[in-house]
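Visitor: I'd like a close look at a single part of this model, starting from one pair of residues and following what surrounds it. Could you walk me through it slowly?

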Amino acid sequence: MSTIKLPETVDQVVVNLLRLANTKLPMDIGWALEAAAGWETGEIASTQLGAIMENVKKAEHLGFPMCQDTGIPVFYVRGRFDSSIGKQIAEGVRRATEEIPLRPNTVDPITRENQGTNLGPGMPIVHYMPTDDPFTEITVLPKGAGSENMTRLAMLNPADGIEGVKRFVIDSVLNAGGRPCPPSIVGVGIGGTSDVCAAMAKEALLVPIDEENPDKALASLEEELFMKLNESGLGPMGLGGQTTVLGVRIKKACCHTASLPVCVNIGCWATRRASARISEDGVKYSQGVRF
């Protein structure tokens, strides 16, 4: 597979992506927060939403990360590329940690040793999706621990059906309480195998919340879960209110006849994402990732 001659180095593209993702909220999420502020009636909930939006404005204006937990960057690479791109992405993470700066979050799971670079064994996480498209697309999803720690996977009995799926999603979000910093975005994977299901739940967070799901059944399920979760009263930061989630995004895959895997991956109010499409015409950056 031939590669594209890059107009700028991949490591610089990664630095730019991480700066964009950490300092500027995606437009669809910003609109959702503004809408939530308009319909909230509770004083505490309104105050929390106001503080969030003020933080967003300051982060973009000053060029500082909007959250102290700049997360672990999860990358998705699609299109044409060669095996060297992984090392270039890692160099971009190292540079971004120093230059933006990003909080060094990655540690050895046993010794808890921190190298201070957001690198180390298994880092950065990169998912490769080679295609024949005439571009190289790099997408980043920085994932903080407050939301990532609330990930839940269930291997339901097929007899539990769609009602069992709904119960599991709602229980997962409400049991998480204020820990993932709601109002959140809920990514749901249904089907596949356990690992595929978990991957889909995280990938679902890349889909803009103002984009209609082309699967009508999933679109209806997203709307129903959105309404029920916001009727729960959990509210911003778990302190009560009408806005518990900003959106619900679902991806599915076929599964074994004896299985019904379901995974929930929650994104905080700052579900950060950014994408760069590299082609012969240059590099185009976007936060409205069409994934």
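Guide: Let's begin at V140, whose bridge partner in strand 8 is A274. Please keep in mind as we go that this is a predicted model. The two strands concerned are strand 3, residues 136–143, and strand 8, residues 274–279; they run antiparallel and are joined by five bridges.

Now step back to the sheet around them. It is an open sheet of five strands with mixed pairing, and the order across it is 2-1-3-8-9. If you look for its edges, you will find strand 2 (125–130) and strand 9 (282–286), each of which pairs on one side only. Going from one strand to the next, the twist averages 15°.

Next, look at what lies against the sheet. Helix 4, residues 85–99, packs on it and touches strand 1 (72–79), strand 2 and strand 3. The direction of helix 4 makes about 145° with that of strand 1.

The largest nonpolar core contains 25 residues, and L18, F75 and I89 have the most contacts inside it. At least two residues of this core come from each of helix 1 (10–23), strand 1, helix 4, strand 3 and strand 8. Helix 1 contributes the most, with seven residues.

Setting aside neighbours within four places in sequence, I89 is in contact with V10, V14, F75, V77, P124 and V126. There is also a second, separate core of 23 residues, and among its members are A154, V186, L260 and V262.

A search of the whole structure turns up zero disulfides. A disulfide is a covalent bond between the sulfur atoms of two cysteines. For C197, the nearest cysteine sulfur is that of C263, 5.4 Å away, and C197 is in no disulfide. C197 counts as buried because its relative accessibility is 0%.

Notes
Residues numbered from 1 in each chain as written. Predicted model: local features only at pLDDT ≥ 70, side-chain atom pairs only at ≥ 80, totals over all residues. Heavy atoms only, no water. Pairing = 2+ DSSP bridges. Helix = DSSP H or I, 4+ residues; strand = E, 2+ residues; numbered from the N terminus. Axes fitted to C-alpha atoms, helices over the stretch in contact; angles between N-to-C directions. Contact = heavy atoms within 4.5 Å. Core = buried A, V, L, I, M, F, W, Y, C linked by side-chain atoms within 4.5 Å. Buried < 20%, exposed > 50% of the residue type's maximum accessible area, 1.4 Å probe, protein only. Disulfide = S-S within 2.5 Å.
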